[in-house]
Amino acid sequence: MENYICVTCGAQYALSSEPPTFCDICTDERQYVPDAGQKWTTLANMQEGKSFTNEFVYQEEGVYSITSKPKFAIGQGAYFIQSEGFNMLWDCITYLDDVTSRKIKEMGGIDAIAISHPHYYSTQVEWAEVFDAPIYIHENDQSWVMRESDKIEFWSGKKLKLSEEISLHCLGGHFKGGTILHWKDDNNGKLFTGDIIQIVPDSQWVSFMYSYPNLIPLPASKVQNMAEYVNELSFDRLYNAFNKVIRENAHSAVQKSAKRYIDAIEGRLFDI
Ligand SMILES: [Zn+2]
Ligand SMILES: [Zn+2]
């Protein structure tokens, strides 16, 4: 019996003697099955191959990104967040080895894991077991959890406060349970948004898609609603899932980007 991992999205599945026939996450229109077809691996295979390492990059005080090299599956980074008395893993990556766990334990370990949406569930249960930490997932995305665990705590509603400084907010959009993390720090506050609010190549702007690989937009009303919710949060900086950061004025970047998105989709932004 193995916990098979989908090579395209990095999600680990419940124990089975044979690999699953297909990956539920990749057959959904927010992901894709590559032309070469569905492939599976296991964490033990990845560790034995010795080709992967996890790179820690210091972003600012209390924030490290952790990304696997070479790129695996979607290629996102996780963030290790050291807030006052409370360490978090925000989003998750598939590859985990002893070097990674030792390093994080030396930095104080992990009190809680929270995941923005199913594309980053990866090997969340392995991480939760190694660090003996709960995983917070919004209940709207419960059906996307491919490996169940009593470490997973499904939460409901719009907001979950995890500590004095850290709270989770469900914005929906990309996924119904799409969640962002708000850190009310000593500066002006930070948002960690996964793919729920996506920084685009012109990095003073963001976008909000239903499917990024298949370029399927969200309705204007949903984006309006997400922007109104985020408008109430105090933050100046925003991190996405790919080590991109809006360092300053992220609050206004989200508002002007939502307006541009809605103007575009409702035919007011350009003549064509
Ligand atoms: Zn997959
Ligand atoms: Zn995604």
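Predicted model: local features only at pLDDT ≥ 70, side-chain atom pairs only at ≥ 80, totals over all residues.

Colleague: Where does Lys244 lie?

Modeller: Lys244 is in the loop that runs between strand 18 (237-239) and strand 19 (245-246).

Colleague: Which residues does Lys244 touch, leaving out those up to four places away in sequence?

Modeller: Lys244 touches Tyr79, Ile199, Val200, Pro201, Ser203, Leu238 and Tyr239. As for Gln198, which is 46 residues away along the chain, its C-alpha atom is separated from that of Lys244 by 9.2 Å.

Colleague: On to another loop. Where is Pro34, and what is its relative accessible area?

Modeller: Pro34 lies between helix 1 (24-27) and strand 2 (40-41), in the loop. Its relative accessible area is 27%, so Pro34 is partly exposed.

Colleague: Let us turn to helix packing. At what angle do the axes of helix 5 and helix 6 cross?

Modeller: The axes of helix 5 (residues 220-231) and helix 6 (residues 250-265) cross at roughly 165° and come within 10 Å. Helix 5 is therefore roughly antiparallel to helix 6, as angles over 145 degrees count as such. The crossing of the two helices is left-handed.

Colleague: Which residues make that contact?

Modeller: Helix 5 contributes Ala220, Val223, Gln224, Ala227, Val230 and Asn231. From helix 6 come His251, Val254, Gln255, Ala258, Tyr261, Ile262 and Ile265.

Colleague: How many of the residues in the contact of helix 5 with helix 6 are nonpolar, polar and charged?

Modeller: Nine are nonpolar and four are polar, while no charged residue takes part in the contact of helix 5 with helix 6.

Colleague: Now the whole chain. How many helices and strands does it have?

Modeller: The chain has six helices and 19 strands. Its radius of gyration is 18 Å, close to the 19 Å from the globule rule for 272 residues, so the chain is as compact as a globular protein of that length. The C-alpha trace spans about 55 × 45 × 35 Å along its principal axes.

Colleague: What percentage of the residues count as buried?

Modeller: Of the 272 residues, 56% count as buried. Regarding contacts between residues at least 6 apart in sequence, 55% join residues at least 24 apart.

Methods: Residues numbered from 1 in each chain as written. Chains lettered and ligands numbered in written order. Heavy atoms only, no water. Axes fitted to C-alpha atoms, helices over the stretch in contact; angles between N-to-C directions. Helix = DSSP H or I, 4+ residues; strand = E, 2+ residues; numbered from the N terminus. Parallel < 35°, antiparallel > 145°, perpendicular 65-115°, else oblique. Left-handed = near helix turned anticlockwise from the far one by under 90°. Contact = heavy atoms within 4.5 Å. Nonpolar A, V, L, I, M, F, W, Y, C, P; charged D, E, K, R; others polar. Rg over C-alpha atoms; globule rule 2.2 N^0.38 Å. Buried < 20%, exposed > 50% of the residue type's maximum accessible area, 1.4 Å probe, protein only.
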